[in-house]
Number of protein chains: 2
Amino acid sequence: MPVIQTVIRRLSPRIFTGNQIRTFSRSLSAMVHPESGSPFDRNQLEELLRKRFFYAPAFQLYNGVAGLYDYGPPGCAIEANITDLWRKHFVLEDDMLEVSTTMLTPENVLKTSGHVDKFADWMCKDPKTGEIFRADHLVEEVLEARLKGDKEARGVAEEAPKEEDDKKAKRKKKVKEIKAVKLEDAVVQEYEEVLAKIDNYDGPQLGELIAKYKIRNPATDGELTPPIAFNLMFETAIGPSGALKGYLRPETAQGQFLNFNKLLEYNNAKMPFASASIGKSFRNEISPRAGLLRVREFLMAEIEHYVDPLKKDHSRFNEVKDIKMKFLPKDVQSAGKTDITEITIGEAVEKGMVDNTTLGYFLARIYLFLTKIGIDPTRMRFRQHMDNEMAHYACDCWDAELQTSYGWIECVGCADRSAYDLTVHSKATGEKLVVREALDEPYIQKDWIVETNKKKFGPKFKRDAKAVEDTLEKLSNEEKQALGEQLEKEGKITVTVEGLGQVEVEKDLILAIEERSTKISTREYTPNVIEPSFGIGRILYSLVEHSFWTRPQDIQRGVLSFPPIIAPTKCLLVPLSGNEVFKPIVKELGYKLRKAGISNKVDDSSAAIGRRYARNDELGTPFGITVDFQTVKDGSITLRERDSTKQIRASPEEIIEVMEQLIEGDAKWEDVLAKYGEFTGQQLDD
Amino acid sequence: MPVIQTVIRRLSPRIFTGNQIRTFSRSLSAMVHPESGSPFDRNQLEELLRKRFFYAPAFQLYNGVAGLYDYGPPGCAIEANITDLWRKHFVLEDDMLEVSTTMLTPENVLKTSGHVDKFADWMCKDPKTGEIFRADHLVEEVLEARLKGDKEARGVAEEAPKEEDDKKAKRKKKVKEIKAVKLEDAVVQEYEEVLAKIDNYDGPQLGELIAKYKIRNPATDGELTPPIAFNLMFETAIGPSGALKGYLRPETAQGQFLNFNKLLEYNNAKMPFASASIGKSFRNEISPRAGLLRVREFLMAEIEHYVDPLKKDHSRFNEVKDIKMKFLPKDVQSAGKTDITEITIGEAVEKGMVDNTTLGYFLARIYLFLTKIGIDPTRMRFRQHMDNEMAHYACDCWDAELQTSYGWIECVGCADRSAYDLTVHSKATGEKLVVREALDEPYIQKDWIVETNKKKFGPKFKRDAKAVEDTLEKLSNEEKQALGEQLEKEGKITVTVEGLGQVEVEKDLILAIEERSTKISTREYTPNVIEPSFGIGRILYSLVEHSFWTRPQDIQRGVLSFPPIIAPTKCLLVPLSGNEVFKPIVKELGYKLRKAGISNKVDDSSAAIGRRYARNDELGTPFGITVDFQTVKDGSITLRERDSTKQIRASPEEIIEVMEQLIEGDAKWEDVLAKYGEFTGQQLDD
């Protein structure tokens, strides 16, 4: 049983195991925007995301399908900007080999990787109603509800009730009603212990808990079947005969591993190197929930960094070693604590907390990437997998977790997959997936060999010939040497062949038994794989939460403070009014901006300028250009910055240059403001 | 029968119907590179693409799956560059609303769109061997083989035999052996007529041909089943119960249509506007063939441009009207000819060849896009669908076809889908998918109404109440007026209700029958959709063929002359030798190039510089920088241009600026060469 559990964990793409959506434990007061001090209101954010069509449940016209989401224009643009930056930050910066492999995958590939047999969650069914429950979620919910009922019965106040309500709504909880029933103290403690370990139970163990605690269908009180494994892959048939079973890939990794030999050749056989891939993967969740955080179709960006297991040092680690990050190492968690260690990645490797500098390099690069796209570093931590949750092959595994109103969300996994995948595919196909390396100093290897007379061997042993030869070849040096002595003495050798028993081989069938020397000048090894794996949808949602605040002077006005490089649109073009005189100027400016690679939208609606800017604050547009009557006179335009709402006034050429610098991160708004001086001649904001 | 045929054609994504891979008819002598004059050799190109891992059959380790391909680093980079440019050229330039919708699609959506019932090809089965044949392909191959055999028997020489062989190999032809059997002259003519119309037969008609011409399994001579429709969508089940049937989308269009209301709102209800989407679609081909040209998983880029059916003019048509393009209009084809008309798009619209300026605008924009990415405009034509192949809703439909060694390939479709999709989804879901537009001049509409007394109507007619009321409401003005007169006279009205027969309604159940005036100030309409739809894989393959040539002085050296903006890597960095002194310079240059957004690779292998450049000619890298001992002295570097192999020498800053201009298309190599002078001091190329 524990073996199945281990295998299931190992195969789950680390960033989507879902169990890692941990209970939200911060009190409400902590959920305020760090700069504006505005309290966070998830309902308000969701209303904004819906209204501005960042994303929406797919197929809403047809009442929707759980776990499927469509991205509207702003969401789609952010997604494209994140993946574009990912490509620059990882693929181009480290010369990775990006590939694009198919989602449709034949069964045999995923049989080898283990997904067909083990990539599963545990589910229970109510045979009467046909309802299906994910077993771990059900146990969690029922016990939590009972603990809540116990608190009510004891008259203890709930903490942060609003957050809890939100969460319940999101989860579509099965337990609709909390009954105020007091529990024994010992039972309370037992429940709490179970909940603390809820991620660690396998199916049979969950079945035991369900039986022991008399957990039933919360709606009907109907009895449930014991948990059975439900494979999370979407199945289909390839080709017209229907005979070739296939699946939609659950991760992009396998497609990369299968191309290992081609990639190594493309890289001129140089090691180490990395492949990378951005693409959709699929997971048939039993009960999708929490919006973009657990979905059935999702965009992943994965890196497979192939490294010599004997040389896990990274040549560029020096460039990142002084970056300070928050770590939650496994020993702290094992002790039941969540205390953060904030040290540099250099120190973390030095003290052995992070296994090697390649893993360390990627953790630091992940940190840099996430902060670059606008993730709040104070709400990012690197949590190490505990020994009991870590895959059996991994020597170290860390998740980048981002804090949201749903709790700490695992958004990037960074694991050492060892040589597991290349080894199993090689075994299944008979193709070597190895690196051959010229040795600096060749050495002489001495081996005993048994050389048979092929011409006579076949006719003598007929269809058993191969079995006898294979057995001889696989003998140890000592055994071969002993046979040599026997041949010398007796003129024949005796060997035990599986299925045939004792077999005698006469002298005339043997050409030689002797020790031979071979010069070994090449080393052959299966590389290990370090895998940083990004869930783009989860990162996008966390980013949206980290970027959201409201103007203190008007709490109804939401702002999404995306960094310019990530913002869906960089610039809003606003003519002061519908006056015809502004139209050619706006058109010309739009052309110049596009030419400079700055995406822009014109808002020439009749709404007040302040209202038009408010609309674009919600879309996270960082800059606004106003064309007014002064522009008609001297060509100058104003540039408004979203967060400060302050403006400068200058020529279009100067403004475009300033924007380019601000977008690329080569300048700061404060400095621009200081240089050009704040322009206040125009009352634009309400 | 013709109805099914029409529907199948209508539903086929226009760019992947596959039938449009037309027979290659150019003689071999025409297949030479226009500039170098080198003859085209597909085997040589394919060997290059394999060796440099542009793409490869997926799952080769597991013996592959037909119709699935993985893209290696260069293919993946070209694909990314093409889609990136597509986004800039179409989405940003015309302010389109890009969305990203799910591939998993529930059955009811595709039932409405018609795909579940009609998205099919016809297949025959040999019940003895289990072999499956695509019916139209089989008829085509067998008749072609018989015609070939007839020619052999008549002693007529084959044209372009090599090309034919290539094509046969690609197609994995079922007919392995050509028998030299002379046919009657009348039969030859009949076969030729059938082949000319092969795209136009439906299943039963193909069945008749198979029976009439005694077409059997070419390998075993076994009898075949009559053609049956095989649905080309991949089926799967969504969710744990397996009850929700779903498919992988066959086009991105449906996901866009379903979000129409949200997109219109996002666009502030302004018309016209376009949505766009880049993403994978799937098609379970019966027998994939011709490499990237007919595959089961493919990247599409689709635009749905929503337009008022009464105002199909495009505001930016003026900007493109003078572009000259090659047209193959339908009347020419109907006359059995393929003569090209080369005129401006302005003229084409003016003479009514192209239906309207919106369609014309997109055709011209497609032309500009394809030439920008490097498609040879002399091998591009716009073929109009003939009336019998055009979907029943379309008023005009054009394909951008690119000429390759497989013939003219349909790579972009541009159709007017009319209001079909929005209408059927609206009908199926009861949700309005319309545009409401304030009328410039409101008008008064007069209508007769029958107002019933709801309170009394229910108790009187009970469950029939609704049927009676609905019938009354749906009557024409004249009928209502007549009822009014009857009421006046008889104190009751008589109406025939379906399923109830004659029904009498007493006066007390009726409040009024009278003519009322309504002021109509809004117009409501279902927009028409113009859909440019791009098959990225087909475009990519055609581009590779158009870009390939060999150096006249060494026919073994292949060159891929991609435009810099499309090339997988922009610049190769080559240190003259492995001397340590070059290393920091190369590293620094790499950093500067990345900073300028110029992707680059270092080749510091020990191969001769000429060999290193040859390798990169095959990858299509447009620029090469050499670092030599002169660089160590004065910092200057050389820049080599791929096609001319000529070099200039200048400072890194100048070289980077030159490269930026060349990549953006703001400068030409000839001018750069003239400005800096050719540098010949170094013998770099062999």
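**Sheets, helices and a pair of chains**

Five strands of chain B make up an open sheet with mixed pairing, in the order E25-E24-E26-E27-E28. Keep in mind that this is a predicted model.

Q: What makes strand E25 (600-602) and strand E28 (647-650) of chain B the edge strands?
A: Each of them pairs on one side only. Going across this sheet, the twist averages 25° from one strand to the next.

Q: How do you know that strand E27 (residues 637-641) of chain B and E28(B) pair?
A: Pairing takes at least two bridges, and these strands have four, in the antiparallel sense. As for who faces whom, Ile637(B) has Ala650(B) in E28(B) as its bridge partner.

Q: Which helices pack on this sheet, and what do they touch?
A: Helix H21 (residues 609-619) of chain B touches strand E24 (571-575), strand E26 (623-627) and E27 of chain B, and its direction makes about 165° with that of E24(B). H24(B) packs on the sheet too, touching E27 and E28 of chain B, with its direction at about 50° to that of E28(B).

Q: What makes the contact of H23(B) with H24(B) by class?
A: H23(B) brings Glu654(B), Val658(B) and Leu662(B), while H24(B) brings Trp669(B), Val672(B) and Tyr676(B). By class that gives five nonpolar, no polar and one charged residues.

Q: What describes the packing of helix H3 (residues 73-92) and helix H14 (residues 357-373) of chain B?
A: Here the angle is about 145° and the axes lie 11 Å apart. The crossing of H3(B) with H14(B) is right-handed. On the H3(B) side, the contact residues are Ile82(B), Leu85(B), Trp86(B), His89(B) and Phe90(B). H14(B) answers with a list including Arg365(B), Ile366(B) and Phe369(B). Sorted by class, the contact has eight nonpolar, one polar and two charged residues.

Q: Why is one side of strand E3 (97-98) and of strand E13 (341-344) of chain B left without a neighbour in the sheet?
A: These two belong to an open sheet of nine strands, ordered E3-E10-E11-E21-E16-E15-E14-E12-E13 (chain B), with mixed pairing. E3 and E13 of chain B stand at the edges with a single partner strand each, so one side of each has no neighbour there. For E13(B), strand E12 (residues 324-328) of chain B pairs with it in the antiparallel sense over four bridges. Within that pairing, Phe327(B) is bridged to Thr341(B).

Q: What joins strand E22 (residues 548-551) to strand E23 (residues 554-560) of chain B?
A: Four bridges do, and the two strands run antiparallel. A hairpin also links E22(B) to E23(B) through two residues. Phe548(B) sits opposite Leu560(B) in E23(B).

Conventions. Residues are numbered from 1 along each chain as its sequence is written. Chains are lettered from A and ligands numbered from 1 in the order in which they are written. This is a predicted model: local features need pLDDT of at least 70, side-chain atom pairs count only at pLDDT 80 or more; totals for chains, interfaces and linings use all residues. Side-chain values use heavy atoms; hydrogens and water are left out. Contact means heavy atoms within 4.5 Å. Ala, Val, Leu, Ile, Met, Phe, Trp, Tyr, Cys and Pro count as nonpolar, Asp, Glu, Lys and Arg as charged, and the others, Gly among them, as polar. Axes are lines fitted to C-alpha atoms, for helices over the stretch in contact, and angles run from 0 to 180 degrees between N-to-C directions. A crossing is left-handed if the near helix is turned anticlockwise from the far one by less than a right angle, and right-handed if clockwise.
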